[in-house]
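Reader: I would like to go through some ring contacts and backbone features. Please take them one by one.

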Amino acid sequence: MDQHELDDGTADRFLLDAPGISLLAFYSRTCGACKVARAQLPDLELPVQRLCWIDAGDNGGLVERYEVFHLPALFVVRDGAYYGPVAAQLAQWDLQQQISLALDNHPAELP
């Protein structure tokens, strides 16, 4: 799975142009659960083409637009369309199921 660091200036264009499924992961360098997520997410077999990391501490615009209230926070984007948040444990089976459920939603424009 490809990994990308996105920020307020690059996220929208990247996500609009990226084919397939992107999993956005908001994190903080000082968050213990985020450190675990950064270590484990790339090794999980998830139905996504890429994992996009967004540092919440440095990208307040994206945090506000995606309404991030806790970290780590995960969201699904497919072919430039927003499919919503993923509320799951950091376990492969749960993430796979919640990503699938998110993709069953009606797509919306990126926040």
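**Rings and backbone**

Author: Ring pairs join Phe26, Tyr66, Phe75 and Tyr82 into a cluster. This is a predicted model, in which local features need pLDDT of at least 70, side-chain atom pairs count only at pLDDT 80 or more, and totals for chains, interfaces and linings use all residues. Residues are numbered from 1 along each chain as its sequence is written, and side-chain values use heavy atoms, with hydrogens and water left out.

Reader: How many aromatic pairs does the structure hold?

Author: Rings of Phe, Tyr and Trp (its six-membered ring) pair if their centres lie within 6.5 Å; planes under 30 degrees apart are stacked, over 60 edge-to-face, the rest tilted. The structure holds six such pairs. Among them, Phe26 and Phe75 are edge-to-face, at 5.6 Å centre to centre and 85 degrees between the planes. This pair links distant parts of the chain, with Phe26 in strand E2 (residues 21-27) and Phe75 in strand E4 (residues 73-78), 49 residues apart. Strands are DSSP runs of E, at least two residues, and helices runs of H or I, at least four, numbered from the N terminus.

Reader: Is Phe26 buried or exposed?

Author: Buried means under 20% relative accessible area, exposed over 50%, partly exposed in between (1.4 Å probe, protein chains only). Phe26 is buried at 0%, and Phe75 is buried at 5%.

Reader: Which residue other than glycine has a phi near 55 degrees?

Author: Glu67 has that positive phi. Glu67 lies in the loop between H3 and E4 and is exposed, at 56% relative accessibility.
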